[in-house]
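Me: I'd like to learn how to read a helix and a ligand site in a model like this one. Could you walk me through it?

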Amino acid sequence: MEFADFAARAAAIEAEPADLETTTLVRELFEAAGEDLPVVVRFVQGRVFPAWESTTLDVGPSLCYVAIARAAGRNVSANDVEDRLAETGEIGAVAASFDFGGQQGLAAFGGGGQTDLTVATVDEELRALAAAAGSGSQDRKLDTLFGLFNRCSPDEARYLARLVLSEMRIGVGEGTVRDAVAEAFLVDSADAAAVRDDATAEAETTAARERRDAAIEAVERALQVSNDYGRVAVVARDEGTTGLDAIDLTVGRPVQAMLAQAGTVTDALDEWETVAVETKFDGARVQIHYDGREVSLFSRNMEDVTDALPEVVEFVEREVDVPVILDGEVVAVDDDGSPLPFQEILRRFRRKHDVDRMREEVTVELHAFDCLHAAGDDLLTDPVTDRHDRLRDVLGHIDAVSELLRSDDADEIEAYEADALEAGHEGIMLKNPEAAYSPGKRGKNWLKRKPDVETLDLVVTGAEWGEGRRAEFLGTFLLSARVDESSGDGSGDEKPEFRTIGKVATGITDERLAELTDLLEPHVVAENGTEVDLRPTTVFEVGYEEIQRSPTYASGYALRFPRFVEIREDKTPETADSLARVERLAERQ
Ligand code: AMP
């Protein structure tokens, strides 16, 4: 593909505001890319190298400015480039604002502004540039960049400059690439049209959508496992979903880390009955790859951090006999082996210089908690507990393996948590014992335990009629806290006062809404449009994530993410929670 064609298409993509149309333009770009597909897939995301490769161009902005200035001609200096950058704020626009030699030269021969650059040439030159090392390498990088800019038209220069400085920003994220790959090579055009236009019969649209979703899922899985968009696009095109399904883990290439959501012990027990519980270590995530000869370590963002953690490398070399991919956390510890705050591990992680000296200062301990591959077996789809067993098998040194408790008993889990906190750790992780390892997903199968906040018992002082299907029900309920003075002097005959603190509409089933409407409607004292005032009669137990100061409500507080828990039938408005309790809880947060 001509680089000019790529640049023109990139410009069209950048100018397109709608997501759907952007995906179509990216799909057309992929379809037109031919043998340059892997490069085009990376370039459109502003990447020169696949995500798993830790190679970088190592070109700073100033080197790029000098190269642009040199290509722009004798009268232009790097300072001029910087001045223009200060005006436009964007290096692509600056690069496009100069007339480079190549264009002028070609124009003189009637080339009409066309240049001879191809996507493949740009890729080769940038790779050569990245490989330049040792003395004089900066000069060689400059020469290469100058040579490239010199051959650019303004549009080509715009996207070359952005590519070199990792500032592509044309609105093509990973989701767009995934969808575009699926649509270009896996989804039949009739299905794509059915989903897009929603015009065909509903059953057909549903079937088409399911096929499209399955294709997208296959692309996504392959991406998460390989982290190589270029390769995934080519396999999708040449071998279809069967080829994608066959893409396996490769020892030495990082996998996207599985992530956790916040959750509670109750959530976990409700969802899975038995929970796999582990300590939550407060350190830095590390993915360990050992191919039988060499160890490499990667951060959560898949950067290569091998050189920063030599003791982990030595440990793995000593303890592991078979090729593995392990997941874990490295934690800084004091002389007694107790964990130190997270900031301490940051002094070691990603460090490139003085590693030996820092090794003396900050001791690091590994806690491995997962095994994604062992001795030729990919374990991603195996359950947590099997992977943990495998982890114990391959890692001889059992202290470095997280202890896993299987439990269906909230008290036992809480005792485990108390021990973890006592030992100085951050808390616990709750995992679905049956769940696969889902790379890159912040799903519900791993929960980081969030301390339960205390609920509040609040008085319902107003409500709103629902909309649409729920129009005949009261749907949103205005909540108030009791003003404390009104709890009175013991005489018991003054009326309590209430101050509003929030509205709750979440957590209530349709059935419950009907019941609540029957209960509350007789107490409506005033009506204003869809809003009603209610005589205080009923107390709701309400959960929330946080109490915030807020001018929105009369109490001066508001609840974040309030959710209905229960009607407190045992409580009257007089015994509902007071504003003083709200204040105390807010302060304790
Ligand atoms: P957070 O960073 O708060 O989203 O919590 C999730 C992180 O906790 C993970 O990315 C890991 O780095 C870390 N972590 C610590 N201990 C564990 C464990 N036993 N299992 C999974 N993740 C853990």
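Me: Which residues of α13 are buried?

Reply: Buried means under 20% relative accessible area, with exposed over 50% and partly exposed in between (1.4 Å probe, protein chains only). In α13 the buried residues are Thr205, Ala208, Arg212, Ala215, Ile216, Ala218, Val219, Ala222, Leu223, Gln224, Val225 and Ser226. This is a predicted model, where local features need pLDDT of at least 70, side-chain atom pairs count only at pLDDT 80 or more, and totals for chains, interfaces and linings use all residues. Residues are numbered from 1 along each chain as its sequence is written, and side-chain values use heavy atoms, with hydrogens and water left out.

Me: What do the buried residues of α13 pack against?

Reply: Look for contacts, meaning heavy atoms within 4.5 Å. Here the partners are α11 (174–185), α12 (189–197) and α14 (229–245). Just after α13, Asn227 has a positive phi of about 55°.

Me: Now the ligand: which residues come nearest?

Reply: A residue is near a molecule if one of its heavy atoms lies within 4 Å of it. Of the 13 residues around the ligand, the nearest are Glu278, Arg285, Glu329, Lys431 and Lys448.

Me: How far is an oxygen atom of the ligand from an N or O atom in the side chain of Glu329?

Reply: For polar contacts, look for a pair of N or O atoms within 3.5 Å. For the Glu329 side chain the distance is 2.5 Å; for Arg285, a ligand oxygen lies 2.8 Å from a side-chain N or O atom.

Definitions and conventions. Helix = DSSP H or I, 4+ residues; strand = E, 2+ residues; numbered from the N terminus. Polar contact = N/O pair within 3.5 Å; in protein donor to acceptor, adjacent residues only side chain to side chain.
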